[in-house]
Amino acid sequence: MNKLADQRDRDRFATELGANFAVSASAGAGKTTAIVRRVAEIARRAESVSALARLVVVTYTEAAATELRVRAREEIFKNLPLASGGRQRVIAAFGGAFFGTIHAFCLKLLGEEGRRLSLPARPALLEPGDERLWLRFAGEAPELADSDAARRVFRHYTFEQVLRLARKLDTAAAEQFTAAELSPSAPVVAVSGLLDFKPSRGAVTEKTRAHMKKLAAWFERYAADDDGFLMLPNFDGGNQEFLDAVGDAFRPYATWLDAHAAALAGRLALAYRDYRAAHGFVTYDDMVTWAQQLLADGKILRRLRAREYVVILDEAQDTHPAMFRILTELTRPQDSALYTWPDQADATPPTAGRFCFVGDEQQAIYDRSDLKLYRRYVDAFADGRGGELLDFSVTMRCPRQVIGAVNRMFHDRLDQPPLVTFKALVARPGAAVGAVTILPLTLTPGKCKVDEERRDECAQVADWLAARGLGGLGVAHWGEVAVLAPRVDWLGVVAAALRARGLPCCLLSSRARKRDMPAYAWPVALLLTLTQPAERFELLGVLREIFGVSDAELLEAHRAEKSGLDLRARAGDFSRTAAALELLRGLRADLTAGGCHALARRLLTVTQLRGRIEAVGGDAAPLADFERSALTADLEGTGLFAWLDELRRGLDQAPPLASGGAGEIQLLSCHKSKGLQWPVVVTVGLGNGLRAQQVEYPRVDRADGQFVPHFSPLTRTDEAKEARSVARDWELQRLFYVTLTRAQRLLVLPDSSGFYSIRKHSFAELARWAELDLPALAGGEIVNVSGAATDDGARAAELAASPSAAALAAAQNIWRRVLPHKLAVHAEPEEEREFAAEQVTGGLAYGVWWHGVLQYFPWASPSAAQAAYVATQLAAAPPACRTRGARELALFMKSALREKLLADGEHFLAELPFSAPLTPGEAMEGVLDLLVTRGDGGCVVVDWKTNRTLAGETTGQFHARLREIYERQLTAYADLLAQKFNHPVSGCWLYATVSGEKINVN
């Protein structure tokens, strides 16, 4: 087999673990595969496996991070020799690796170190569209400085305008505006020549004369310097020379006002940031800002650098500058001055082997991208200051005809000096021929409005697809076809046109949530019903939605049961209900037999869930994700309940965008198509103008890394507007490149040049469509599209539902995982536990909440700070936990346990994970609730217990029962610490939250 032209660079990235690399990866180059290979190589080498536990793999979306983790785990298991030693060590190390977004990583750092800076340890995410907290803050907003400058600002701008700007500002802009040195004296507005304006050519028009009259009245009010509100003049129409003169005259004054108004807004924005923190909320911007605050503390920075993180950054071209700096600073040597590399030539770069990034400036399509910063990092690697620059130029995705069309279309068109230089795509050996089809659109007489043109274009594209059919397109089902539009508002029009012709389609939107899709929600509902047989609400939903039992039958069956309908009922006279309950009881009978993956397969088979989902018109493809998650749970040793809890949390997330998985044509925007691919890609709206939407004032522009405020058009110069327009056009060119490189076999480009005039700032205009040799661009026939284009960078959605045989064999040969809570002896019958749960707040939800609160309890802080922390946690507690939590936290704060721990403890380690071999075939893994080390070298183990008392049970009986249940578990902890880790245990205590007392365990 012929080697790839860039194979050497690919192999070096995967195997040279002691080097740092910056990888320039073309569209479809298989960067995910490259990252997976590097991670698997770390796991394979005994001398570097410790780096696996310190691994941080960061990408832009949770879906991409999940894909990387799933594929890396599969690769590790597939290549893990069954007879090799240290197998358990590899698995444990991989469990400690981080795969996620930069924001999730910042939250991880805050959870570990944030309390040292009095930052919220477990903040709640404030969604971008949630205005409730802001409205509360605005009602309590602090007083702004009463100065001459502030009075002048509020003479021309309203407080509501300043508030609106404050709401938009991120921390970096707010800090810049508040730190700026501002002149207290306002510039004088030059009136000379404006009130008796005479154009250089022609006479003064009536409109200009009216403007001059209004301007005279404005100057009269301005000169009076009274307290009345006076809006800055804003003229529309009239002589352009006059308008330019007005702009020149007012610009210095308006710029001065904007700077002072921005400083006021900045103070409000920073006050709102502190307000969020005080109320336990965090925004995405806060996560990054607070992580930077951690790095600014010298002691914390040294601790974080001492962890020796090994970082791999994906999608680096779209990474925010602050995020880039956080990741690089963590990998630099201990004594490196903060934020000096790569800007300073003599600054110490990241330690070799600990920082790699993968990106492509040609695919930077988001406004947050800072290509200047990205180029500085790339250039540093190219100069050998930090690592080496590698090039993945071969695309594994696109066929030869598509590659040829992209190279012809973007040659000398995607050069955006000095940020982007177009790099031609290279076909892999054996790549399919594929095809590019130019679809001429025919002008329909009488059509002239933009919305009518749009409908007509979509109708002609739909007609063509219907006429071709599956066979003519060379696909097996419609899910292998995607229609991409430059604007979201095109998608509804496309959907209507396709449905009118009987073509199935699916409009993909990030607003959807998994809980709204049967293939995600129904398996979770079934598992909840099986694990919580007394939960009637969930059971009724399962019977109604999944098994199709009518409400009337459910009501009658419920009335027929003495204690109400639950999983134990027989429902003898109600055939559909009885059959469903019998089926569910059969599944529950062997609930834990064979692990999560065996249960998932049995559940899908017995309930015929795939057919049920398809019968109601749902997409059953995500059931493969359900099976894969079950396998992942088995491979990582996760128990059934932990796996179910993970599935439940995931229901609030957006589903990953499909890529040919369903039998419907996929409709989505060009932006949303990034990272995806389809055998057939059809574009619409190539000639449609894509001018950026108007942003209302006040607004903030970025220029050369600085933020520039604007409260009116007066301060936006023509040069600034032109620079922004050019930057926008360059971004659109890159977006068009991303759009065209999604095709695996066939690319269809509707040609609107004979249908309506190609508009400014459209894909076609930016590609200079009129200059293209369209016959040469197409070059192929539709009959050539049947050859499959394999993809070495396959997405998670394309992974087989079953794992490889090698991965399963390796997983089954791993040491048996013994969980400490399995040693507990639960004597009370299930019915009593369920009865108690209905009487008193408790159960899993309360236990999780309590452990979360104590995990971040500020042991090292003064008592006042501890009390404030408790109050904050109670204020943010779920309503179901609040009453019991208030009572039990009050008991804890005055408990003898807390006083003793504070008196004797030196270090407090909460939720401490551990793994230690027990026998040649098994290992114990778990988490210590709290380990407290003492000054004499001994340690104390504390285990929080939120169990509830039974009816009629005394405190002494309750404590004796807890000791009987958990004694073996606590003894195992003590033995492990003493024998395996050489830490003698001087105390093993249960803490009963109900009584507020500690229970000694021998």
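This is a predicted model: local features need pLDDT of at least 70, side-chain atom pairs count only at pLDDT 80 or more; totals for chains, interfaces and linings use all residues.

Trainee: OK. How many salt bridges does the count come to?
Mentor: The count comes to 48. The rule for a salt bridge is a side-chain nitrogen of Lys or Arg within 4 Å of a carboxyl oxygen of Asp or Glu.

Trainee: What does Asp370 form a salt bridge with?
Mentor: With Arg702, and the closest N and O atoms are 3.6 Å apart. Asp370 sits in the loop between β7 and α16 (371-382) and Arg702 in strand β16 (residues 699-703), so the pair ties together parts 332 residues apart in sequence. Helices (H or I, at least four residues) and strands (E, at least two) are DSSP runs, numbered from the N terminus.

Trainee: And is Asp370 buried or exposed?
Mentor: Asp370 counts as buried, at 18% relative accessibility, while Arg702 is partly exposed at 44%.

Trainee: Which residue does Glu731 bridge to?
Mentor: Arg728, with the closest N and O atoms 3.5 Å apart. Both lie in helix α28 (residues 718-740), three residues apart, about one turn of the helix. Glu731 is buried at 9% relative accessibility, and Arg728 is buried too, at 13%.

Trainee: Switching to the sheet: what's the strand order?
Mentor: It's an open sheet of six strands, ordered β11-β18-β15-β12-β14-β13, with parallel pairing. Two strands pair if DSSP finds at least two bridges between them.

Trainee: Which strands are at the edges?
Mentor: β11 (435-440) and β13 (505-507), each of which pairs on one side only.

Trainee: How many bridges join β15 to β18?
Mentor: Four, between β15 (residues 678-683) and β18 (residues 743-751), which run parallel. Trp678 stands opposite Ala743 in β18.

Trainee: Last one: which strands does helix α17 lie across?
Mentor: Helix α17 (residues 400-410) lies across β11 and β18, at about 60 degrees to β11. Contact here means heavy atoms within 4.5 Å. Axes are lines fitted to C-alpha atoms, for helices over the stretch in contact, and angles run from 0 to 180 degrees between N-to-C directions.

Technical notes. Residues are numbered from 1 along each chain as its sequence is written. Side-chain values use heavy atoms; hydrogens and water are left out. Buried means under 20% relative accessible area, exposed over 50%, partly exposed in between (1.4 Å probe, protein chains only).
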